[in-house]
Every structure is written in C-alpha cells, then in structure tokens.
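Biologist: Could you take me through one part of this model at close range, and then step back to the rest? I would enjoy one connected account.

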Amino acid sequence: MAAIEFSEETRAQAERIGSADIVVGVSGPVAGDELRTRAETVFGLLGPSFSSLRFVFAWPAAAGEAPAVSLAADQPAALTFFPFSWPGQAGEFWAGVSAHQRAVLALAAQLNARACIVLGPDLAALHPHPLQLFAYAVLERQCGLVMPLYNAGKHDGLLNSGILAPLGRALYGRRIRYPLAFDFAASGAMCARLARLDSHQNNHLASSLLWPVTVAATQSAQSTIGQVHLDVHHQTASTGLDLSAVLAQIVGSLFQEMEACAAHWQRVRGSQPVPVWGAAPAEPAEVQPVDTRPMLDSFLLASRNLDEVWRLVLPPNTLLELRRLTRLAPEAFRMPDELWAGIVYDFALAWRLRTIGRAHLLGALTPLYLGWVASYIREVSGLSHADAELRLEQLSRVWEEKKPYLLSRWRWPDRFNP
Amino acid sequence: MWDHVKQSLQSSMGRAMESLARLLPGILAFIVALLLFLFIGWVLAWVVRRILAAVGFDERMSRSAPTMADWSPRLTPSQLVGRIIFWCFFTAGVMVGVSAFEAGSSENLVSGWILGYVPHIVGAAILLLIGNVLARYVSRSVLIAGVNLNLSYARLLSIGVRWMILVITAAMVLDHLDLGSNIVELGFGILFGGIVLALALAVGLGSRDLVSRSLEREASRVAEEQQPERVHHF
C-alpha cells in the first residue's frame, strides 16, 4: 500500500499546525477568499458544543498559491485555514474529485484528526447543519464512515440509482444510497485507510476512484457505517462530458474494485440497513415529465447494431429478452429488474475475463443503461418521491436475489449458461 | 520386349527410391531441427513467463501502457511475450530445418529459394496479423462510438473503416511478397482514388440536399441540447 506524498512546504505547514479535532476538506480547487468568508460564517453558527474543537479547513491550493496556514480573522485560534499542495495529478471528472478526496483524508490522518469531513468543490454542503450532522455521527456515535442521503429528485443521480447503489449493496451487504458522493465524513482511523492506495489502485492511478464504502466494508468490517440526511443539491461538473466516457470511468472503476475485492464480497450474503441520522428534508418539488424517446432510440439503435458485441458478453437468454424488448411499443417498454441486474453482472464478469477490450465493453453498456433509464423514468413518472424510492428499494432487492447468479458465473465462468 | 519393360521399370523404380533415400535424411533433419527449436522455444517461453510473473511485469505494463489490454484483451503482457518468443523460435526452426534439409539432401535450389523468401513471408504474415487486429479494433471502436453518438449509419461507417484497413493491408502484404507489385499499386491507386472521387461527387453533386439537411439537423440538435436537462445521470 502507498500513501499520498505531500510537498515539502505542505508537510512543514502541517507540522506547524500539529493536530486538529476536525478537518474539513474540499475535494477540488476553490476560491480561497470565498471559502474563508463562508467558513468563518459557518463556524460562527455551529453552536457552543463545537467551540472547544480545533477546526482546520483544507483545500487544494490554486496554481501559484503557496500552502500557507492562516487563522480566521474574527474567530478564536480554533479555526485554521490550510491551502495545501501535493505533487499528484488530478484526472478528469470523478478521478480528480477522488484524488482530492484522498489528499484531504491523508492530510487529516497526518494531523491526527478525530474526524474528517470531505465536501464537494461547489461547497454546496458548507452549511452548519451538514457539518453538525457529520461531526455528530463520527464523534458522538463513533461511526467510522458517514455517507450522505441526498434529497435528490426522481430523475437525479440515475447512474447511482441504477448501478452503483444496487451493485454496491448486493456486493458488500450495506444499504448505502449514495456510495460515490461528493460529501462524506470519516473517523481518524478510517482516514488513514481511505487515503491509502492499494496495489491495484496504484497501477491504475489515473482511473482509480475512491469508493469509501468498499474500503470500510472490506478493510474495517467492525467499524460502523452510517448515513445522514442532507438537503444539498450539487451542481455536477459533467456538463460537456460524454455520457459513455463518464459511465466508463465510474463503472469501470467499480468493476476494478469488484475484481480486487472478490474474495470479500463472495462471502457476503444479503444486506444490512445502516443507521441514519437527521430529519428527512421535505420531498423535492414535482419534476416535469421527461421525454424518454431519445434514450429509447439509442437503445433500439444499439440493439440493431451492437448485437455482435453484446453476443460476446451476454448469454443467449438475455439476448432473447433484449430482442423481445425491441419489439415492444414505446409506451409498453419496460426493462425487468432481473434482466438489468443480470446484464450488469455479465458485464462485470466480461470485465474480469477480458472477453473484449475494456473500453469497448463499457461503451457497449451505455445504450443498455439508457434503455434502463427510459424504462425507469416511465415507471416512476406517475409516482411520488417516496414511491419512487420504494421502487429503487425493490430494484436493489432484486440485485441481491440475483447475486447467486453472479457468484456462480464468477467462480465457474466456463460453465454452460443458457 | 517384356524384359526391356521390366528393366526400365526396375531402373526407374531404383532411381525413384534412390532420390527418396537421398531426400529422406534431409526431411528427417528438417523434422528434428523443427522439433528441437519448438521444444527450446516452448521451454524458453515458459521460463520467460515465470521470470516476468516474478518481477511483476504485468502490473508494470498495465501501469505504463493501459491500452495494451485493449489490443490483446485475452492475453496478459507476459503471455504475449511468451507467445512472441515461441513463434520466433518456430520461425527459426523452419529456417534451420530448411537449411538442414539442404545439407542432408544436396538439393540447394529449393532451399535457397525458400530461405531467400522466408523473410518476405514472415514480414507479410506479421503485416496481415497487425492489419487484421487493427481492422477489428478500429471498426469495433467506430461502431460503438457511432452508436453512442446516435449515428444511424454507425454500422456502415464501421464496415467501411474495416474494409479500408483490410484493403490497405492486403495491398501492403502483396507488395511485401513481391506478387504483381505493379498491378497491386495500380489497382490500389485506382480503387482508392475512385472511392475518394465517388465520395466527392456524391457529396458535391448528388447528395447536396442530403448533406445540407444533415448539417441543419446537427445544428438544431446543438440548439436542443443547450436546453436544461431534466435527467441527471450523476
């Protein structure tokens, strides 16, 4: 395992600070002045129970900005600002976020912090309530890792709802709604584990993402994982990015982790709920209807053209099911949960076996994902937010029930599979 | 008369047996040399694979050359090196075998021609292999990218790219084998020039309306995409 190496300057500044109770780190470059102003306001609103704690606000220093420690102007010495730098390179989209998250966690470990709260670079969660909730879960309830429960709309975070959450839950047995989040908190002990890079991550540093739940579930099975309700809406930095490229980055990394942790998840059966803190925010406003026709068209186009690729990955039964779907009228189009779970499991297996080039494999998954999105949006369009969540719960259960299929194919990939 | 027939049959049989007997040591030497080199190649490939596995060659390669797995998805880099070593020894075995055949049979015309031509064959085989792998990889990339860009003619594009690469490969292979080089050059030039000219004419004259409609559609799609999205994947 390798640890993140900071620059000489940053190490010297960290030694000057010595230690901290809570490190609040930002997982991306931000305007230092704006952060300072907002952090001082938030710190003032945190309440008396936090006044005895030493806070360090850390963020990656912008080019030309020296990693210099400064104290808040109108606050006691308990609030320190620390723009840090490290020689690592941040990749595109989520690879950059993950690299910064690891750096923040490594810094927290170096400062022997009792808790580290990681925030997204848009600072949407930089408010007293989220910080209080995260700190409460880690310091008072001894949680190793605290993940957010965002108040997302029915049509938000669909990659998370359709693949990441159900697959993570089926594999590692923890019911985490957002396994790949901008904001989360970790205990001091967990910070060191999360910041470390395993050998397989070291090998694919540019594409390696940080999956906090996977690390917590596989490397620290005794520690508690919790969730807190956050009424936070992030502005995703995916504008202008190709869906297939982002899907390839995120799902590819998930498959990579899956391969590395196979020995662990093969022993996991079922799933356990995790403790949740905070009051659930009001349901998000009703969303406008979405035209699913373009997604359906993408799926149909792919079914006409990508048959030769899908045939290498999917078993004949699944191909028959997909062919049947293409014959349905658009208004009757529904992708069954079993079929969708089986498709992703088969793609994960093909990733492991290198049945085809991995870039091709993930490219061929994109239209199938769009088919699932079209089906899901049609299904939940008439449902309330709560019912849509229940629908996702049902989907996750199906993924769990289908896990024996994945296990069987993973262990005996050459066995006949109709 | 029958005596003459018998005598000539006996003498031709004798000559045939004699030349067979002259060739037999050469054939035997060829087989022995080939088997020996195959064995050495197999052992050496196995040893190299073990050494590379011990020094973590696969991990290093996957770190420095992540696209290697895309080119050869079923083989790890160490397996690929092992295969290359084995086939190099196979080729060397064939060449040594042919040389041994020459020494054993005292027939130097055939072996001289074969030995001189072997590098051409090996080069052509490598070209053919690379061309095929490239055609398959690029056409699949074009197909998947085209489908993800919602291009209805993605398959056509992919097939076109595949055949373009295969035609170029075939021309290069034939050129490398010194087979009808003038005809190949001429044919390739005419074919390629013809395709480009046909496309230019099709776009410039026949499909002017189609192209303008397609461009208008693309422009309107850009305008549509600028509207706020109601579905968020991330």
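Modeller: Strand E1 (residues 22-26) of chain A pairs with strand E2 (residues 55-60) of chain A in the parallel sense over four bridges; strands here are DSSP runs of at least two residues (E), helices are runs of at least four (H or I), both numbered from the N terminus, and two strands pair if DSSP finds at least two bridges between them. Within E2(A), Phe57(A) is the bridge partner of Val24(A). Between E1(A) and E2(A) the chain passes through helix H2 (residues 32-45) of chain A, in a β-α-β crossover that is right-handed: with the strands pointing away from the viewer, the path from the first strand over the helix to the second runs clockwise.

A word on the basis of all this: the model is predicted, with local features needing pLDDT of at least 70 and side-chain atom pairs counting only at pLDDT 80 or more, while totals for chains, interfaces and linings use all residues. Residues are numbered from 1 along each chain as its sequence is written, and chains are lettered from A and ligands numbered from 1 in the order in which they are written.

E1(A) also pairs with strand E5 (residues 115-119) of chain A, again in the parallel sense, over five bridges. There, Leu119(A) of E5(A) stands opposite Val26(A). What of the faces of E1(A)? Both are covered, with Ile22(A), Val24(A) and Val26(A) buried on one side and Val23(A) and Gly25(A) buried on the other. Buried means that 20 or more other C-beta atoms, placed from the backbone, lie within 10 Å of the residue's own; 12 or fewer makes a residue exposed, and anything in between partly exposed. Five of the five residues of E1(A) are buried, so the strand is largely enclosed by the rest of the structure.

Stepping back, chain A is divided into domain 1 (8-277) and domain 2 (293-411), bounds that come from an automatic or database domain assignment. Their centres, taken over C-alpha atoms, are separated by 30 Å. The contact takes 24 residues from domain 1 of chain A and 26 residues from domain 2 of chain A, contact meaning C-beta atoms, placed from the backbone, within 7 Å. On the domain 1 side, helix H5 (158-172) and helix H9 (243-260) of chain A each supply at least two residues.

Chain B, for its part, has eight helices and zero strands. Of its 234 residues, 16% count as buried.

Key
Contact = placed C-beta atoms within 7 Å.
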